[in-house]
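Take a walk through this assembly, one element at a time. Keep the coordinates open and follow along.

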Amino acid sequence: MSAATQLYVITLLVYFFVDLMVCWGLDLQFGVAGVLNFAYIVFQAAGAYTTAVLTLGPSSGNGGFQHYVGGARLPFPLPLLAAMVVGVLLALFVGFIGLRRLRSDYQAMVMLVVSVIATAIADTQLNLVNGPAGLALVPKPLASSISLSPLGYGWLFVVFSGVVCVLVGWLIHRIVESPLGRTLRAIREDERAAAALGRNVNGSRLLVFVIGGAVAALSGGILVEFVGAWAPSGWLYPETFVLFTAIIVGGRANVFGVALGALLIPVGLQQAVEYIPIVNSPTVLASLEWIITGLVTITFLWVRPQGLLPERRRTVRSIDRAVRRRAVVIAAGTSESLGGGP
Amino acid sequence: MKGDLLVSAIGFGIVTASVLAVGAVGFTLQFSVTNILNLAFGSVMTIAGFTAYALNARGVNIWLCLLVAGLAGGVLSVALNAMLFAPLVRRGTKLFGMVIITISVALILDHLVQAIVGPSFFSYRVSAGRTMHLGAMVFTTTELITIGIAVVAMLALHVALKFTRFGKAMRAVATDPLLARACGIRTHRVVNLAWFLSGVLAGMAGVILFIDTATFSATTGTEFLVIIIAAAVLGGVGHAYGAMLGALVVGIVSEIAAALINPSLKEIAAFVLLVLVLLVRPRGILAEVAANKEVVA
Amino acid sequence: MSLQPGVGKGDQADGLGQPPPGETGTKALLQALGLGRDFGGVHAVDEVSFSVAQGTITGIIGPNGAGKSTVLGMLAGEVRPSRGTIRFDGRDLVGVPPHKVARAGIVRTFQLASVFSHLTVFENVLMGDYAPRIENLWASLAGRRVWRKQERDRIDKAHQILEQFDMARVGDLYAGELSGGQKRLVEIMRALMASPRLLLLDEPMAGVNRTIGARIEEILLQLRSQGMTVLMIEHELEVVERLCDPVIVMARGRVLHRGTMEEIRRNHDVQKAYLVG
């Protein structure tokens, strides 16, 4: 591979891992627990800003061309951990305001408002995170202590983001396949009934809000360390919509479905649009990308709302298997009755 | 001096509130009847606004354009429901699915407009007219007409909801669709009428918004929708009078914050207010209707 | 028991402050006193007092809009009473949120059978058991080793309940794929999985065919013989007659009468309320 191709592949892979991480986190909220968090991208942004600010050093220390609060120069993993903490705190705050006793679509609307507020704040409060220009020249982690060529470093970063991504996916998978996961799915299906069976609906929603928030913040941190820059125009509210599309297309509440969606939509579709030959204006191209994303979403919700890889049916046999070495006898009668089902 | 500034800010606030009120009432009216949170409302505003622009640019008077735009908004709104939203609801798409559908429509429509008109900004051909002083408040004739339109629209809607057969039917459907159907109300017609009225209000809100902001682009409507939502949520979604109240509060508070503290705080102030209200009353100020609906849903 | 309990305010509060004569000797598990709920200035429910004795199936009947479901909602913690108290086993339940009411041992079903549609029947039943020790973040991150044992216990219990209801065949179907009557059964199985101390049923026979209806009746009688306490709203008077004693009659948000079904049939006020209301 030529250096340019390698760079392209490296970039795509890092983007894919970051998108996948975010989609899994959002799917825990949306696909599993039924929380419509239209402010999801804000958590990624919060993580990115936190990481950037804690890597860049003091605001006055870089020639004064960008202004922000709370600058520091912390060693490598700390900014990412701090980003997660910020993600958690933000999730607690937003969740406390927006999740209480509201219908799911109503929650979605409040979250949309939150997303727009957040962008408005970052845009207009110039000294907070440098306004519309955003933060730039974020140093790459450990770049000085690792003596690798830029490409070598790139591949190392791919491995790093891949490992983090798989770790995140594995932890979320554990949650989904545990008794807690079943409770979350039940809340998604009917919150009133879940509460009538002793489940703390608001508490559970807040929990997935916090987990998803931490994951999104972590992904933002990784992304900003890779790209080196972050600005409000990169996390407008429709960006969250792209992630929803990925989950809907791939298959919500299915780990592999979500992975497929993350590959097809934020990575695949956006790359594919670039190759449409007839359009030569970049703004029309951007519009076209959104129009296609919107059409894909509507088409899937119309034709195949469960997505390409639907949620797995948890059979009695599989539930039994999870706690026993062997399935119990009753499972024998179950399989034939399934054949008669609709 | 500070007092004068405050009073003049309230004047600006009333103009903003007028635009907001027309939008918020349209948004909430359709929601209360159909139970769909329509985030494509802002795109209907934009398309109606650009329809008015197309006519206005050919020399048609802006107030005549406003009527045409209202009609266009109504037709578009009914068409969206008939072609997309209603069939999806019949296919069993759930509430969250519908939110995602309406947001998809918003993106598609906004970007279609953008692809056609480009990313630049536009203005209507309208003269601001003479300025009038009411104490420290200053209004242009255009602004006064805007306020007048909002007041007339609100009054007309109030009378229509309260006293006409369709209005009563609409309120009945909003409270309990099944019961309303059982009572012989043709819910289908009522729902269509709600989409139409909401679209008309969206169209009008679009034009007076574009007049008020002086310049506009393909995304202005949807950007403003968020403030409309803030007003509607503040008042208690599904509650027409709550929406009017919310509009007034959001409009005035944001202008005061902009005038007295910092212009960059204009929108943020409205949102902070919304956050505070939601902390105290999670369903908005006039929440009874929204709360009852929740039991029904 | 007198045939004419007061309908007026003071009268009723006095009359029901102490247990009604028919109930002496049995323990009141639940006691509602002067419950009221306003919706937009209208008294949807007003001055409702009654008690539910341990081991009985108490019925609530009344015309549409009598406030029956609102009362049930208040007992379950979903609707906050505007006035009055609810005592359950010596504990005040007003202001306690639904999930804590459920944990205290009051489990309800809904008028429209509300199963978890996209969970299997078996999972629905499993959800009846609330196990805070394994349903938390740490247990799920720690993995199977931590939650396996308790999960196995409730899986066994769920198998038993499914067998008992003859529903093991459909254990793998999504609850949303069932008929209305089967959904109702799932809802009841789920409630029983919770081992409630008081079972609240909101029209358990609504939308249920005869065969399943008869089965539900059978199950309820069996539960009573095992000492379960049930409070149910029901429209079909024959069902109420067969199952419930005592019966509470509500009309226009108030308790009109309380007694056996036979007494109620003879009562003039009740007949009038049904005809007029």
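Helix α11 of chain B covers residues 266-280, which makes 15 residues. Its first and last C-alpha atoms lie 22 Å apart, close to the 21 Å expected at 1.5 Å a residue. Bear in mind that this is a predicted model.

Which residues of α11(B) are buried? They are B:K266, B:E267, B:I268, B:A269, B:A270, B:F271, B:L274, B:V277 and B:L278.

Is B:L273 buried, exposed or partly exposed? Burial takes 20 or more other C-beta atoms within 10 Å. B:L273 has 19 C-beta neighbours inside 10 Å, so it counts as partly exposed. Leaving out residues up to four places away in sequence, B:L273 touches B:V249, B:V250 and B:V253. B:L201 is 72 residues from B:L273 along the chain, and their C-alpha atoms are separated by 25 Å.

Next come the helix pairs. Two packed helices are described by the angle between their axes and the distance between the axes. Start with a pair that joins two chains: helix α12 (residues 282-303) of chain A and helix α4 (residues 95-117) of chain B. Their axes come within 8 Å and cross at roughly 155°. Angles over 145 degrees count as roughly antiparallel. α12(A) and α4(B) are therefore roughly antiparallel to each other. Their crossing is left-handed.

Which residues make this contact? From α12(A) come A:V284, A:S287, A:L288, A:W290, A:I291, A:T293, A:G294, A:L295, A:T297, A:I298 and A:L301. From α4(B) come B:G97, B:I100, B:I101, B:S104, B:L107, B:I108, B:H111, B:L112, B:Q114 and B:A115. By class, the contact of α12(A) with α4(B) has 13 nonpolar residues, eight polar and no charged.

Helix α4(B) also packs within its own chain, against helix α2 (residues 41-57) of chain B. The angle between α2(B) and α4(B) is about 25°, and their axes are 8 Å apart. Angles under 35 degrees count as roughly parallel. α2(B) and α4(B) are therefore roughly parallel to each other. The crossing of α2(B) and α4(B) is left-handed.

On the α2(B) side, the residues are B:G42, B:S43, B:T46, B:I47 and B:F50. They meet B:V105, B:A106, B:L109, B:D110, B:V113 and B:V117 of α4(B). The contact of α2(B) with α4(B) divides into seven nonpolar residues, three polar and one charged.

Stay in chain B for a backbone detail. B:A214 is found in the loop between α8 (187-213) and α9 of chain B. Its phi is near 70°, a positive value in a residue other than glycine. Is B:A214 buried or exposed? It has 11 other C-beta atoms within 10 Å, so B:A214 is exposed.

Now turn to chain C. Its secondary structure comes to 11 helices and 10 strands. Chain C has 277 residues, of which 49% count as buried. Take the contacts in chain C between residues at least 6 apart in sequence: 67% of them join residues at least 24 apart.

Two loops of chain C deserve a look. C:D166 lies in the loop between α6 (144-164) and α7 (180-193) of chain C. C:D166 has a positive phi of about 60°, although it is not a glycine. With 10 C-beta neighbours inside 10 Å, C:D166 counts as exposed. The other loop, between α9 (237-243) and β9 (247-251) of chain C, holds C:P246. The peptide bond from C:D245 to C:P246 is cis, with omega near 0°.

Finish where chain C meets chain A. How many residues does each chain give to the contact? Chain A gives 39 residues and chain C gives 45 residues. On the chain A side, the elements that give two or more residues are α6 (150-176), α7 (179-189), α8 (191-196), α9 (201-227), α13 (316-323) and α14 (331-340). The largest share of that side, eight residues, comes from α7(A). By class, the side of chain A that touches chain C has 18 nonpolar, 10 polar and 11 charged residues.

Terms used:
Residues numbered from 1 in each chain as written. Chains lettered and ligands numbered in written order. Predicted model: local features only at pLDDT ≥ 70, side-chain atom pairs only at ≥ 80, totals over all residues. Contact = placed C-beta atoms within 7 Å. Helix = DSSP H or I, 4+ residues; strand = E, 2+ residues; numbered from the N terminus. Nonpolar A, V, L, I, M, F, W, Y, C, P; charged D, E, K, R; others polar. Expected span 1.5 Å × (residues − 1). Buried ≥ 20, exposed ≤ 12 C-beta atoms within 10 Å, placed from the backbone. Axes fitted to C-alpha atoms, helices over the stretch in contact; angles between N-to-C directions. Parallel < 35°, antiparallel > 145°, perpendicular 65-115°, else oblique. Left-handed = near helix turned anticlockwise from the far one by under 90°.
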